[in-house]
Amino acid sequence: MSMFPHTFLFGKIKPKRARKSLIGDSVFKNLTAIFALSVLVLALAIFYELYSRSQLSINEFGLDFLTGVEWDPVDQIFGALPFIYGTVTSSIIALIIAVPISLGIATYLSELAPKRLRSPLSFMVELLAAVPSVVYGLWGLFVMVPWIRDVLQPFLESTLGFLPFFQGPKFGIGMLSGGVILAIMIIPTISAVSREVMLAVPDTQREAAFALGATRWETIKTAVLRYAATGIFGAIMLGLGRALGETMAVIMVIGNRPQISLSFFEPAYTMSGVIASEYIEATQDLYLSSLIEIGLLLFIVTLMMNIIARLLVWRTMRKFRGAKE
Amino acid sequence: MMIKRITVRRIVDKLVASLALLSVIIAIIPLAGVIIFVTSKGLPAINLEIFTSLPRPPDEIGGGIGNAIQGTLILIGLASMVGLPIGVLSGIYLAEYGNNRFGSLVRFIADTLSGVPSIIMGLFAYVVVVLATRSFSAISGGIALGIMMIPVITRTTEESIKLVPNTIREASMALGVRRWKTIVLIVVSAARSGIITGIMLSIARIAGETAPLLFTAFGSDLWATGLNQPISALPLVIYRYAISPYASWQAQAWGAAFILVSMVLILNIGVRLIARGKYRR
């Protein structure tokens, strides 16, 4: 301000008004900063509350909580391994189905589709993410599960039945159904983020490959996919994070039985599933504390997944921006 | 030899292109399946009664889910009271003052929070509100959903404010308007449609959330009487009726799903149409 002598002059004539407005500026800045800070406080508060409420269970079982296979509210013995197994296995099944399909979608939408189709098709895939998970559960229970029981399971048993995964009773409801419904729900996440990363690959990469005589697929493989690999890996981690925490759709089709079975046809139980369906029976403190500890585990794992995934995607995007300039 | 290799490469190329197209079709099948079944099974259950009356026992004919629709609207309102101020103001901070370490941290945490499972938000609201007040309540449900709105609104507000050209800020400040007034009166108003888009998308997202409501709003068979009482919601009704063994309740679950999916899709498509004119990519 000292650069403009006249502001001193006028400043002295109306000092009060000027100070007031300056106060307005700093008040507003600090007000918005407080709200921004509240986002951080919220994240810490979630961690702190879950952590302190699971103390009882952490002290009682320690690390055995993670490896215990018994879940017995009557005898007050709680081991979370069946739920961890259910969550991890159903998520892996989902990834096995969803990753190739999502990469196909991302490739088609970013590299191959006619320009006019790209935007409406991307929107339709994004709409998949907008359908509420309880509606997927409803559809899964009444439409998908019968199809899995009558078509998919007999097919898998007759072709891959020599593997222990595809043997056992064919209820429809079970680990396989849980994995399939999860796959449907994470396809939009993985394909949308992969597509974004692939679109960010500089065109010079593609042009160089084409100029060397590569076909479209060779260009995609060598110039786009390899270049975007880190970001695509991040997209897959984001999808995995979503699969690990998904609750309602899975709870309705997976059978909710706490057991560890190699067969994908058998019912299973997930971490979020046990929280959602047993909180109401959890009247004893230790029972409730154990359920909250499962929630804490889920929170920590999904948070880690998201942090790693965002860093990977962010790093890839920054690399491209550097390359473009 | 050379010619043959070229042919093989072309065939591989075509094959990959058709596999990629096939993936898109495979992904659209469940979307189409959900919409077809929700419409064909849900539409027959839709009549005036389902909107206006209370649930009945499964062996009685009729009844409706009016209280669930009312509950969902109340919960959206409560959630907005939590999510809107925090989300919009944090977004303003990030866009206008957030070019520093603190800003990057908030941005990063907001992004990671949006990936935290919704059931965790419910558990948090359960521990903080329900256990403290010793009662399931509409308020605890609204808080759980409101927390879920924050990251979405924060980031979309930030993005849309950043789209406002700097010349507008400069013009306003050149006229002697203070920075905070410039932001509140000029910048936010110019970014209005983007901010509203973010709010509508976050509402579409929470309207269908079930898991965080199970142990907060809990559900109820009556009309809402107070914000400190348990309250019904469409997703809760869909869940309870779907896993019930009664055909009449299952039919109503499809009806409720039809109402919910229509709400969510209309919000999404509406936002898309509004945004299209503004920021065509």
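I began with the term: helices here are DSSP runs (H or I) of at least four residues, numbered from the N terminus. I also kept in mind that this is a predicted model. With that settled, I went to helix 9 of chain A, which spans residues 203-211. There I found the side chains of D203(A) and R206(A) meeting in a salt bridge, at 2.7 Å from N to O. I asked myself why D203(A) and R206(A) are separated by about one helical turn. They sit three residues apart in helix 9, so about one turn lies between them.

I looked up the contacts next: 74 residues of chain A touch 78 residues of chain B. Together the two chains bury about 7100 Å², and 81% of that is on carbon and sulfur atoms. On the chain A side, F28(A), L138(A) and Y279(A) lose the most area to chain B, together 9% of what that side buries. I then counted salt bridges between chain A and chain B and got two. I wrote down a pair that joins the chains by a salt bridge, R9(B) with E218(A), whose closest N and O atoms are 2.8 Å apart.

Which residues make the nonpolar surface patch of about 440 Å²? I listed F47(A), Y51(A), I300(A), M304(A) and I308(A). The elements giving two or more residues to this patch are helix 2 (15-53) and helix 13 of chain A. Helix 13 gives the most, with three residues, while Y51(A) has its place in helix 2.

R315(A), R318(A), K319(A) and R321(A) gather in a positive patch on the surface. I placed R318(A) in helix 13 of chain A, which runs over residues 285-324.

Notes
Residues numbered from 1 in each chain as written. Chains lettered and ligands numbered in written order. Predicted model: local features only at pLDDT ≥ 70, side-chain atom pairs only at ≥ 80, totals over all residues. Heavy atoms only, no water. Patch = residues over 30% accessible without salt bridge, like charges linked within 9 Å, V, L, I, M, F, W, Y side chains within 5 Å. Areas by Shrake-Rupley, 256 points an atom, 1.4 Å probe, with all protein chains shown as cover. Salt bridge = Lys/Arg side-chain N within 4 Å of Asp/Glu carboxyl O. Lys, Arg positive; Asp, Glu negative; His and termini not counted. Charge placed at Lys NZ, Arg CZ, Asp CG, Glu CD. Contact = heavy atoms within 4.5 Å. Buried area = accessible area lost by both parts, 1.4 Å probe.
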